[in-house]
Amino acid sequence: MASVPAETLRDSEATQDQRELTDGFNLIIDALKLNGIKTIYGVPGIPITDFGRMAQAEGIRVIAFRHEQHAGNAAAIAGYLTKQPGICLTVSAPGFLNGLTALANATTNCFPMILISGSSEREIVDLQQGDYEEMDQLAIAKPLCKAAFRVLHAEDIGVGVARAIRAAVSGRPGGVYLDLPAKLFGQVMDAEEGKNSLIKVIDPAPAQIPSAESVERALELLKSAERPLIILGKGAAYAQADDDIRALIEKTGIPFLPMSMAKGILPDTHAQCAGAARSLALKESDVVMLIGARLNWLLSQGKGKAWGGKKQFIQIDIEPREMDSNVEIAAPVVGDIGSCVAALLEGVTADAHSPSAEWVDAVKTKKETNIAKMAPRLANDNHPMDFHGALGALRTVIKERPDAILVNEGANTLDLARGIIDMYNPRKRLDVGTWGVMGIGMGFSVAAAIETGQPVLAIEGDSAFGFSGMEIETICRYNLPVCVVVFNNGGIYRGTDVNERNSDPAWTTFVSESRYDKMIEAFGGIGVNATTPEELKQAVDAAMDSGKPTLINAAINPAAGSESGRIGNLNPQSKLQKK
Ligand code: ADP
Ligand code: TZD
Ligand code: MG
C-alpha cells in the first residue's frame, strides 16, 4: 500500500509517534487497484494533476486525452468490452461537463463506467461564493446517471469507490458519478486504518437467475410459434454468454437478427442469420425472442408497419422495468443473459422448438436475393468512389482480419457500413449506439486498442470524425494500432448543398476536397489519400500489418449520400419551405 511517511508532512500534520500515514490521493489509488482497475482515461488539471501522476507511478495506466468527452467515451467502451467499470477522470466544472455527455451516453447504452471528477470546496460552492470552477456537480450529474456519490472524508474513500463499482456493473449496467472535492485528496489519516477502510467488492455483478415459471412460459410460447425470430442486442454481446447463445440458436434452428453492436456474436455469414432479410423477418415473424435488446426506436418500438401484424414477444433482460415498456411482453424472462440462456438451453429441443420449414426457406430465399442484388454494387469501381465501392473494399479487410475491432460513426457512412460489413466475432463492432451520437470515434478507438490489444479500424464520416478528430494526437502519442478511414464526401450526408441566399456555404457542407490525411502527419502518423477501392484496401492492409497510427482520406463522391442516411424518415420537414 502506498503511504506517506509522517516526517515528509508539515510539522503540524506529522504525528509525534511517527506513525505511517496515508492520504486521499493514495487511498483512492489503493481502492481502485484493490478492485482491479488497471486503466484511467482522463484530462489533467486542478485538482487531479498530481493524482494522475501518482496513479501512473503506482502502475495504473493513465491515458491522457485532449478533451474529456473522448476520455469518457473511452471509459464507457472499456466497460462494455471488459464488464469492469471504465474510469474517466476529469477536473471540476467545465471538465466535468465535458465528461458528462459520455456518462449520459454510457447510461443510455447500459455501459458500466465511473466518471470521477475533482470538484471545488463544498463550503464555497454551497454558499455560491465564487470558487475556482465552482459548480454543484453532484446535483447536475444525478439525473444523467444510474447513481451519484460524493466522498468528503478520507476514511470514506473505500466505501465510495465500492459503491460506485457496484452501482456501475450490477443489474442493468450504466454510468456512475463520483464527486471528489479538492480537499479530500490531501486529507491525511493513519495508514493502517486507511488500509482497513478499503473494500474489495465481492461479486459485483451477481448472477440473476430467472424464475423457473418464466423460463417455462417462454419455452411454451416458443413451442407454439410457426415463424419464430430471435433478436440479439448489445446486452447479449455485453453478457459474454457467446457459446450458450450460439448453442440455443443452433439447437432450435431459429433465424436470428443481430442489432448493430450484436453483430458477430454469431457470424453474419451464419446460415441462420436473417440480417439481409431484416424487413421480412420483422414483418412476418409470429413470436419474437429479444435477448438483450430494447424495443426502442431502433426496432420501431415493437409496433407499426415494420412489424406487420400482431406478434408475441419473449424478452430476456436483467431490468424488470424494461418489460411492457412499448408493447405487451407475453413471456418476460428477467435475469442475466448468461443464466437465462442457460436455463432456456436446458429446456429446448429441436423437435418442439424449431421453426417451420417454410419460414426458414422464406428467410433464406429473401436473404439470398438481397445479397445477390448487393454484390455488384460492392464490387463497383466508380470514380470518384461511392460508399458501396469503398465499403466493399473494407468488407474484405474485416473478412480477412476478423479479430480487428471496427469502430463506426456517421450517417451514410454508418448505416451503409452496418449493413455491408459482415462481422465474425463478438464485441468487434462498436458504434453510435442507442442515441446515434456523433463523437464516439476516437475515444472508442483508443480504448478498444488499449483494452484488447487488437488492431482497430475506425470508419468515420467526415462530419463524425470532426467531433473527436484531435484525438489522433492521442493515438499517435500512445502509438496505438488504429487505422482511421475518413469517408470524405465534403459534408453532412452530402457535400453538394448550396446556400442560395449569400456567399456563406450551405450549413451541411465542409471545405471541399479536404485532405484529412495530412492532419495525422503533424503528429508523426501515416497519412494516405485513397481515391479508389483498391487504393483504400491497400492502405488499410498496410496500416493493419504495420500497426502504425494511420489516417486514410477516402475521397467519396460528394453527391453519393442521402439525407440522414437510412433514417431520413425521422427528419421533420416544413410543408411551407420554398424549394
Ligand atoms: P440494442 O441497441 O443492441 O438493441 P439495447 O441497448 O437497446 O440493445 O438493449 C440492451 C439491453 O440489455 C438493456 O435493456 C439491458 O438492460 C440489457 N442487459 C445488459 N446487460 C445484460 C445482462 N448481463 N443480462 C441481461 N440483460 C442485460
Ligand atoms: N451532434 C451529435 C452529438 N450527434 C448527432 N447525431 C448529430 C449532431 C447529428 N448528426 C447525425 O445524426 S449524423 C451527422 C450529424 C451531424 C453527421 C453525418 O455526416 P457524416 O456522414 O459526414 O459523418 P455521411 O457519410 O456524410 O452521411
Ligand atoms: Mg460526410
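Good morning. I begin with L430, which touches I77, Y80, L81, M261, I405, L406, V407, N408, F444 and A448, leaving aside residues up to four places away in sequence; contact means heavy atoms within 4.5 Å. This is a predicted model, in which local features need pLDDT of at least 70 and side-chain atom pairs count only at pLDDT 80 or more, while totals for chains, interfaces and linings use all residues. Side-chain values use heavy atoms, without hydrogens and water, residues are numbered from 1 along each chain as its sequence is written, and chains are lettered from A and ligands numbered from 1 in the order in which they are written.

L430 is among the residues with the most contacts inside the largest nonpolar core, which has 90 residues. Such a core is a set of buried Ala, Val, Leu, Ile, Met, Phe, Trp, Tyr and Cys residues joined through side-chain atoms within 4.5 Å, where buried means under 20% relative accessible area (1.4 Å probe, protein chains only).

I turn to the magnesium ion, ligand 3. Its protein donors are D462 (OD), N489 (OD1) and G491 (O), at 2.0 to 2.1 Å; donors are N, O and S atoms within 2.8 Å of the metal (3.2 Å for Na, K and Ca), and water is not among the atoms, so sites may look incomplete. Along the chain, the donors follow the spacing D-x26-N-x1-G. Both D462 and N489 are buried.

Finally, ligand 2. Of the 17 residues around it, N412, T413, G436, D462 and A464 come nearest, the shell being residues with a heavy atom within 4 Å. A polar backbone atom of G436 is 2.8 Å from a nitrogen atom of ligand 2.

Methods:
Buried means under 20% relative accessible area, exposed over 50%, partly exposed in between (1.4 Å probe, protein chains only). A polar contact is a pair of N or O atoms within 3.5 Å; within protein, one must be able to donate a hydrogen and the other to accept it, and residues adjacent in sequence count only if both atoms are side-chain atoms.
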